[in-house]
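Here is a short briefing on one structure. It covers charged side-chain pairs and surface pockets.

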Amino acid sequence: MDLDRTDLDIDAYLTRIGWSGDRPPEPTVETLRAVHLAHVTSIPFENLQPLLGSAPSLALPDLEAKLVRGRRGGYCYEHNTLLAAALRALGFGITGLAARVRVGAEPGTVRPRTHMLLLVGIPGEPQRYIADVGFGSIGGLLEAVPLITDTELRDGTRRHRYVREPHSGGLEDLWVFQALQDGVWEDQYAFTREPFDATDYEVINWHVATNPRSPFQHTLRAQRTTLDRHLQLSARTLSETHSDGTRKERELADNDEVLRVLAADFGIELPSDTELPA
């Protein structure tokens with residue numbers, strides 16, 4: 001894995017995300033936001049490799065084979081490593097960051113930095129942007145947004161903002177990423193602008209994929225995002241949330257139905273004899 005690599009087949013990537021504009025597109029704010037949205041709405045989030053007993057490879061050829069040329073998705077390290085390669089190939093500057101996820105955590109809980117995201121520089125622009133196509137949550141970004149504080153950011157049908165919190169140890173303040181859900185600003189994750197390298201992500205990826213205490217080891221998690229709805233499969237519970245807040249949920253009957261739903265609704269194709277944990 002090398003975050004500085006740009007030898008991605010950019011045409012194949014743009015085809016995978018349904019890009020219909022110029023090839024290659026210019027490295028502008030508009031391109032960044034459009035590529036981010038196209039990626040999020042084209043390539044699903046899933047944790048099937050850790051669930052089935054192996055750590056995903058973050059080598060660019062393997063990511064191309066799985067996420068670009070194959071009918072599969074991945075989780076944050078896979079998605080954002082692939083996006084970093086694509087954006088670099090298009091002329092953007094990329095710095096890897098790592099965040100502590102706060103969704104689902106009790107107040108005061110300090111989780112390890114296990115989430116990958118990207119700080120993006122645009123040629124000729126002083127403003128930096130955050131890109132993150134791998135959060136795998138309804139609170140995640142649809143489009144890249146500027147890294148600015150206390151301003152409501154509109155990305156597609158979603159609303160986000162960044163706030164600052166003091167950080168112990170004399171380091172810079174934390175940036176806290178929040179999503180507006182049901183009229184309430186909810187923390188999603190927190191991070192600093194300390195750069196992380198490919199070797200850091202290799203270690204974190206191995207930990208998250210193989211640690212017996214990792215949630216990715218035990219429960220199927222698949223998500224698919226469109227402009228107006230968010231599909232989530234957690235174990236055998238399938239939920240569908242629309243942009244207006246309406247939500248419906250149902251339980252899938254068995255392993256065969258899970259495989260059918262993964263293929264039909266999430267675009268994830270597995271061998272028919274795959275046995276998934278209940």
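The points below take salt bridges before pockets. The model is predicted. The structure holds 16 salt bridges.

**Salt bridge Arg69–Asp9**
- Arg69 and Asp9 pair through their side chains, at 2.8 Å from N to O.
- The two residues are 60 apart in the chain and link distant parts of it. Arg69 sits in the loop between α4 (60–68) and α5 (76–89), while Asp9 belongs to the segment before α1 (10–16).
- Arg69 has a relative accessible area of 53%, so Arg69 is exposed, the cut-off being over 50%.
- Asp9, at 30%, is partly exposed.
- A network of salt bridges links Asp9 and Arg69 with Glu64.

**Salt bridge Asp11–Arg23**
- Asp11 meets Arg23 in a salt bridge of 3.7 Å, N to O.
- Asp11 is in helix α1 and Arg23 in the loop between α1 and α2 (29–40), so the bridge ties together parts 12 residues apart in sequence.
- Both partners are partly exposed: Asp11 has a relative accessibility of 42%, and Arg23 has 39%.

**Salt bridge Arg229–Glu240**
- The closest N and O atoms of Arg229 and Glu240 are 3.1 Å apart, and the two form a salt bridge.
- Arg229 lies in strand β11 (residues 229–234) and Glu240 in strand β12 (residues 237–242), so this pair ties together parts 11 residues apart in sequence.
- Arg229 is partly exposed at 29% relative accessibility.
- Glu240 has a relative accessible area of 13%, so Glu240 counts as buried, which means under 20%.

**Largest pocket**
- At least two lining residues come from each of α5, β3 (113–121), β9 (184–191), α6 (198–210), β10 (221–225) and β11.
- By class, the lining has 13 nonpolar, 16 polar and 5 charged residues.

**Second largest pocket**
- The second largest pocket is lined by 24 residues. Ile138, Gln181, Thr241, His242 and Gly245 are the closest to its centre.
- Two or more lining residues come from each of β7 (158–165), β8 (174–181), β11 and β12.
- This lining divides into 4 nonpolar, 13 polar and 7 charged residues.

Conventions. Residues numbered from 1 in each chain as written. Predicted model: local features only at pLDDT ≥ 70, side-chain atom pairs only at ≥ 80, totals over all residues. Heavy atoms only, no water. Salt bridge = Lys/Arg side-chain N within 4 Å of Asp/Glu carboxyl O. Helix = DSSP H or I, 4+ residues; strand = E, 2+ residues; numbered from the N terminus. Buried < 20%, exposed > 50% of the residue type's maximum accessible area, 1.4 Å probe, protein only. Nonpolar A, V, L, I, M, F, W, Y, C, P; charged D, E, K, R; others polar. 1 Å grid on protein atoms, 1.4 Å probe; cavity = no way out; pocket = protein on both sides within 12 Å on 5 of 7 lines; lining within 4 Å.
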